[in-house]
Amino acid sequence: MTNDDPMALSVEELVERGVDSVKAGCNYCGKSWSALIDVIPARTTLRKIRALMVCPTCGSADVDVEPNWPDAPTAH
Ligand SMILES: [Zn+2]
């Protein structure tokens, strides 16, 4: 079995897996924040979300996103 590419998952599929938000991190200024995904259209993929995401602090579009998996251990 191959792992799913999380970036190819849609909001709908993420929600099915128990994800209700994504972690976003700005590669320019280092700001990180969480964004709820239940306001995003269900067919939108994580890759598309990343493409649309803009840092609220510095305005950079160089932003990484990853799902907030419900069972993921807290990482630092
Ligand atoms: Zn930034």
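The model is predicted: local features need pLDDT of at least 70, side-chain atom pairs count only at pLDDT 80 or more, and totals for chains, interfaces and linings use all residues. Residue numbers start from 1 along each chain as its sequence is written. The protein chain has two helices and three strands, where helices (H or I, at least four residues) and strands (E, at least two) are DSSP runs numbered from the N terminus.

**Overall fold**

- Along the sequence, the elements of the protein chain follow the pattern α-β-β-α-β.
- Of its 76 residues, 18% count as buried; that label requires 20 or more other C-beta atoms within 10 Å of a residue's own, while exposed means 12 or fewer and partly exposed lies in between, with C-beta atoms placed from the backbone.
- Among contacts between residues at least 6 apart in sequence, 68% join residues at least 24 apart; a contact here means that two C-beta atoms, placed from the backbone, lie within 7 Å.

**The nonpolar core**

- A nonpolar core is a set of buried Ala, Val, Leu, Ile, Met, Phe, Trp, Tyr and Cys residues joined through C-beta atoms within 7 Å.
- The largest one has 13 residues, and Val22, Val63 and Val65 touch the most other members.
- Two or more residues of this core come from each of H1, strand E1 (21-26), helix H2 (46-52) and strand E3 (63-67).
- E1 provides the largest share, three residues.
- Beyond its neighbours within four places in sequence, Val65 is in contact with Val22, Lys23, Ala24, Leu46, Ile49, Arg50 and Met53.
- As background, nonpolar side chains tend to be buried together in soluble globular proteins.

- E1 and E2 run antiparallel and are joined by five bridges; strands pair if DSSP finds at least two bridges between them.
- Ser21 stands opposite Leu36 in E2.
- Five residues lie between the two strands of this hairpin, and Gly30 in the turn has a positive phi of about 90°.
- Strand E2 (residues 32-36) lies largely in the open, because the number of its five residues that are buried is zero.

- Met7 sits in the segment before helix H1 (11-16).
- Met7 counts as partly exposed because it has 14 C-beta neighbours inside 10 Å.
- Not counting residues up to four places away in sequence, Met7 touches Thr45, Leu46 and Arg47.
- Met7 and Thr45 are 38 residues apart along the chain, and their C-alpha atoms are separated by 6.7 Å.
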